[in-house]
Amino acid sequence: MKKELVALLLLLLILAGNIWNQRRLDRLAAGLDRLTEEAFASARDGRWQEAEEAAGQAAQIWTEAGNYTHIFIRHTDIDALTAAFCDYRGAIAGRETGEIYAVYLRLSTGIRSLQSMEKLSAGSIF
């Protein structure tokens with residue numbers, strides 16, 4: 001009975017950790033998504049300074065989340081999203097309207113993909 005209790009406690013601890021991780025990632029992703037949307041809308045409307053500020057703020061939040069991401073997120077996913085942020089900021093700084101949309105799609109898709117990969121589901125257990 002003692003072994004079963006320890007096993008149950010470990011399972012509950014893992015579940016609690018996953019719930020915490022999902023909430024933390026959801027908050028991070030929501031902020032990043034909001035800022036990338038804001039930057040895209042500003043760039044589309046020709047408000048380049050606002051677009052640069054929003055994109056820079058999103059990249060800064062992503063970088064500052066490194067203590068969390070480098071523990072809970074796969075490094076290949078971190079690298080891909082970091083590169084997408086760099087590309088996004090570069091396209092906005094270069095005022096490359098044609099490229100901004102493609103880079104925006106890559107970045108926003110990467111953020112949403114990261115969220116979906118980290119969700120607990122029956123498929124991720126079995």
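Is R95 buried, exposed or partly exposed? At 38% relative accessibility, R95 is partly exposed. The cut-offs: buried is under 20% relative accessible area, exposed is over 50%, and partly exposed lies in between (1.4 Å probe, protein chains only).

This is a predicted model, where local features need pLDDT of at least 70, side-chain atom pairs count only at pLDDT 80 or more, and totals for chains, interfaces and linings use all residues. Residues are numbered from 1 along each chain as its sequence is written, and side-chain values use heavy atoms, with hydrogens and water left out.

**Stop 1: E52 and R95.** Select both side chains. They form a salt bridge, at 2.4 Å from N to O. The two residues are 43 apart and link distant parts of the chain: E52 sits in helix α2 (residues 48-64), R95 in the loop between α4 (75-93) and α5 (97-118). Helices here are DSSP runs (H or I, at least four residues), numbered from the N terminus. E52 is partly exposed, at 28% relative accessible area.

A salt bridge here means a side-chain nitrogen of Lys or Arg within 4 Å of a carboxyl oxygen of Asp or Glu. The structure holds eight of them.

**Stop 2: R47 and E50.** Select this pair next. Their closest N and O atoms are 2.6 Å apart, in a salt bridge. R47 is partly exposed at 35%. E50 is partly exposed too, at 38%.

**Stop 3: R74 and D77.** Move on to this salt bridge, with closest N and O atoms 3.1 Å apart. D77 is buried, at 18% relative accessible area. R74 is partly exposed, at 41%.

**Stop 4: D33, E37 and R112.** Select all three. Salt bridges with shared partners join D33, E37 and R112 into one network.
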